[in-house]
Amino acid sequence: MNNMNDFISHEVLKASWIHSTCGIVAIDVSGNVSSANPAFASCTDIEINTVIGMSEADFNHTLLNAQVLDFRRVELLVDGFRAIYQIRLDSGSISQISPTAKLSHVAELLREPLASIYGFTELLLTQNYDEDTRIGLTTALFEQVEVMSNLINEQLDVRKVNY
Amino acid sequence: MKKVLIVDDQPTMRQIMRLALWSKFEIQEAGDAYTANELIKVSRPDAIVLDVMMPGDMDGYQLCERIKKDPELASIYIVLVAACGQVEDQEKGMALGANAYFVKPFSPLELMCHLTSAMLIDAPG
């Protein structure tokens, strides 16, 4: 920590992590679960030590099996993290949600990576970028395809979810 | 050059919108509504592209409502962008004072054209 702002920021983040009523799970740059805050267990009834080290796809699968539907993936590109998951205390279960609400929720989840895929593709097709920029955008596009693929595999597997 | 503030918690979406808009507008960015709210007071953007669903205590709807209720900020042109495509979601956004509502996925170039047109019409000079 170099200055007081760093110290405050660190302490605020630490307090938020520990005392939040929202379950928070961090995914590291290699795509594995690196940590979960105390509220995660109470939000999901999943023991924290069972998800640490798990791949993101397996973690998604675990949430689905535990019937945890009300979560949000927030992408990060800093500090050694790829993303965090936020899970609400009253996250509810699939069985308690109407089929229409389920489909609406899945549609919203899919729209996020689809928006990035649409945007990157349109820019690549219509703008003249240098080679480095083009490679960077193509890489980002590929990553969003992976995110979307994971979502489809986990959220729209009819063997697991009975619409 | 008109100033546009892009507010979205997803870095990839901010990157896409920045790439689409940078040649026409001066771009500022915020990753959450709280940061955006502070930035707006200082920089007074001409337009805001505002994601509806964001982590934290304030979402895009709440920030939109706060801006439109402030007489000093109400003239800022607000485009809400959202993964919520239901008619009632759009109606809620427009009722809170948003000037436009884009449902994800949307064309970033269409957003650029929309803002270019809106800035000429609604904020001459």
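Q: What order do the strands of the open sheet in chain B take?
A: In this predicted model, the five strands of the open sheet in chain B are arranged as β2-β1-β3-β4-β5, and their pairing is parallel.

Q: Which strands are at the edges?
A: The edge strands of chain B are β2, residues 26–30, and β5, residues 100–103. Each of these two strands pairs on one side only.

Q: And by how much are neighbouring strands turned against each other?
A: On average the angle is 20° between neighbouring strands of this sheet, with direction ignored.

Q: How do strands of a sheet pair, in general?
A: They pair through backbone hydrogen bonds, in either a parallel or an antiparallel way.

Q: Take β3 and β4 of chain B, then. How many bridges join them?
A: Five bridges join β3(B), residues 47–51, to β4(B), residues 77–82, and the two strands run parallel. Within this pair, Ile48(B) has Ile78(B) of β4(B) as its bridge partner.

Q: What is the overall secondary structure of chain B?
A: Chain B has five helices and five strands. Read from the N terminus, its elements follow the pattern β-α-β-α-β-α-β-α-β-α.

Q: Now the core. Which residues have the most contacts inside the largest nonpolar core?
A: That core has 44 residues, and those with the most contacts inside it are Val4(B), Val7(B), Val49(B), Leu50(B), Ile78(B), Val79(B) and Leu80(B).

Q: What is Leu50(B) in contact with, leaving aside its neighbours within four places in sequence?
A: Leu50(B) is in contact with Val7(B), Ile78(B), Val79(B) and Leu80(B), together with Gly60(B), Leu63(B), Cys64(B) and Val81(B).

Q: Which residues does the second, separate core include?
A: The second core has 15 residues, among them Ile27(A), Ala36(A), Phe40(A) and Phe59(A).

Q: Let us move to chain A. How many helices and strands are there?
A: Chain A contains six helices and four strands. From the N terminus on, these elements run α-β-β-α-α-α-β-β-α-α.

Q: How does β4 of chain A pair with β1, parallel or antiparallel?
A: Strand β1(A), residues 23–28, and strand β4(A), residues 81–87, run antiparallel and are joined by six bridges. Ile24(A) stands opposite Gln86(A) of β4(A).

Q: What about β3 and β4 of chain A?
A: Strands β3(A) and β4(A) pair over five bridges in the antiparallel sense. Here Arg73(A) has Tyr85(A) in β4(A) as its bridge partner.

Q: What share of each chain is buried?
A: In chain A, 21% of the 163 residues count as buried. In chain B, buried residues make up 42% of the 125 residues.

Q: And what share of the contacts joins residues at least 24 apart?
A: Among contacts between residues at least 6 apart in sequence, the share is 48% in chain A. The corresponding share in chain B is 59%.

Q: Where do the two chains meet, and how many residues are in contact?
A: There are 19 residues of chain A in contact with 17 residues of chain B. On the side of chain A that touches chain B, β3 (71–75), α5 (99–126) and α6 (131–155) each supply at least two residues.

Q: Which element gives the largest share of that side?
A: The largest share comes from α5(A), which supplies 12 residues.

Q: What classes of residue are on that side of chain A?
A: The side of chain A that touches chain B has eight nonpolar, five polar and six charged residues.

Terms used
Residues are numbered from 1 along each chain as its sequence is written. Chains are lettered from A and ligands numbered from 1 in the order in which they are written. This is a predicted model: local features need pLDDT of at least 70, side-chain atom pairs count only at pLDDT 80 or more; totals for chains, interfaces and linings use all residues. Two residues are in contact if their C-beta atoms, placed from the backbone, lie within 7 Å. Ala, Val, Leu, Ile, Met, Phe, Trp, Tyr, Cys and Pro count as nonpolar, Asp, Glu, Lys and Arg as charged, and the others, Gly among them, as polar. A residue is buried if 20 or more other C-beta atoms lie within 10 Å of its own, exposed if 12 or fewer, and partly exposed in between; C-beta atoms are placed from the backbone. A nonpolar core is a set of buried Ala, Val, Leu, Ile, Met, Phe, Trp, Tyr and Cys residues joined through C-beta atoms within 7 Å. Two strands pair if DSSP finds at least two bridges between them. Axes are lines fitted to C-alpha atoms, for helices over the stretch in contact, and angles run from 0 to 180 degrees between N-to-C directions.
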